[in-house]
Amino acid sequence: MPRKPDKPKPPPQHKRWEGKEKPDWLSRALARAGVFPQKEAEDAIRAGRVSINGRVAKMALTPVPPGATVKVDGLVVSLEAPPTRVLAFHKPAGLLSSTERQHRTGTVFEALLPQLPPELAGYTWHAVGRLDVDSTGLLLFTNDDKLVAHATSPDAHLPKRYVATVFSTASDERVEPLRRGMTLDDGPARPAKVNVRDEHTVEVTLTEGRHHQVKRMLGAVGLPVRALHREAVGGVDLEGIPEGTFRLLTDDEVREGLRYEGRAPSAPSRLQRLQTTGGVAYLRLHGGLRPGGDWLWPGG
């Protein structure tokens, strides 16, 4: 029986963006630049308010080629990465460290976002780590996802200081295994700095952050945790921040306290200047801007 001829091999398929800078999709690019939070960016795109190189974009996942001109309501916006911003939030008990509420339990985002002034409201904010629903204390938020990776990586050795209220009686002898380093069910834990403040209050400073780590370490030495409060992350603490409120960290606090250089600020676009002058309220209320927008920036 004659052998069938081999089928010719198809030519190799080249990826569309091979050898080029891969573009971001439109809604995420707008959110990262601080033009809109991502949900509002998606709504603006669906409403036909956003264009790329003169063509109206209707899909949130539309790719934005490098160097493209993007406009919102006829105004050119810059998609350059904004400067790193970090918020220190004093978390109360009873809030989830997530974006989605569960049943009647609210979230830290629901508590924080309504407090933000216009110049901060346009960013997409990421929680830096998490605290359990019943835990309180310092929770950082940032618009820079690379800072999230830095601050939560054990390689950064960024200290996190907790104060635990325990049921049993604490003593230096009892917490000594935490200082030496102990083995948990997910592997060895680094030695922790531990200070017994009183017989029911223990201060624990970690340079790594695993799930329920403080509770598990203290539980392993017979000190079950009744309440947990995070006092500090790196050189940043809660001084001057009442429970349920926040403050914006300075560049020096980010650089020195969190050991992170951050992104340098770039020249703001006209829409971003609008947001810092309070005109963003007009934008959100009316769903658009007057053509040109010069009336919003006298002399601008």
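**Loops, sheet and cores in a predicted model**

Thr107 sits in the loop between strand E7 (86–91) and helix H3 (108–112). Helices (H or I, at least four residues) and strands (E, at least two) are DSSP runs, numbered from the N terminus. Thr107 is buried, its relative accessible area being 0%. Buried denotes under 20% relative accessible area, exposed over 50%, and partly exposed in between (1.4 Å probe, protein chains only). Neighbours within four places in sequence aside, Thr107 is in contact with Leu95, Leu96, Ser98, Thr99, Glu100 and Arg101. Contact means heavy atoms within 4.5 Å.

The model is predicted: local features need pLDDT of at least 70, side-chain atom pairs count only at pLDDT 80 or more, and totals for chains, interfaces and linings use all residues. Residues are numbered from 1 along each chain as its sequence is written, and side-chain values use heavy atoms, with hydrogens and water left out.

Confidence was examined next. The average pLDDT of the chain is 84, and 80% of the residues score at least 70. Over residues 272–300, pLDDT is below 50; this stretch has 52 contacts in the model beyond near neighbours in sequence. pLDDT is the predictor's confidence in each residue, from 0 to 100. Where it is low, the predicted coordinates should not be read in detail.

Two strands pair if DSSP finds at least two bridges between them. Strand E2 (residues 50–52) and strand E5 (residues 70–72) run antiparallel and are joined by 3 bridges. Ser51 stands opposite Lys71 in E5.

Two loop residues have a positive phi. Asp73, in the loop between E5 and E6, has phi near 55°. Asp73 is buried, with a relative accessible area of 16%. Arg259 has a phi of about 60° and lies in the loop between helix H8 (251–257) and helix H9 (270–276). Arg259 is partly exposed, at a relative accessible area of 47%. Most residues other than glycine have a negative phi.

The largest nonpolar core holds 37 residues; Phe141 and Leu218 touch the most other members. Apart from it lies another core, of 17 residues, among them Val86, Leu238, Val254 and Tyr260. A nonpolar core is a set of buried Ala, Val, Leu, Ile, Met, Phe, Trp, Tyr and Cys residues joined through side-chain atoms within 4.5 Å. Beyond its neighbours within four places in sequence, Phe141 has contacts that include Val86, Phe89, Leu112 and Trp125.
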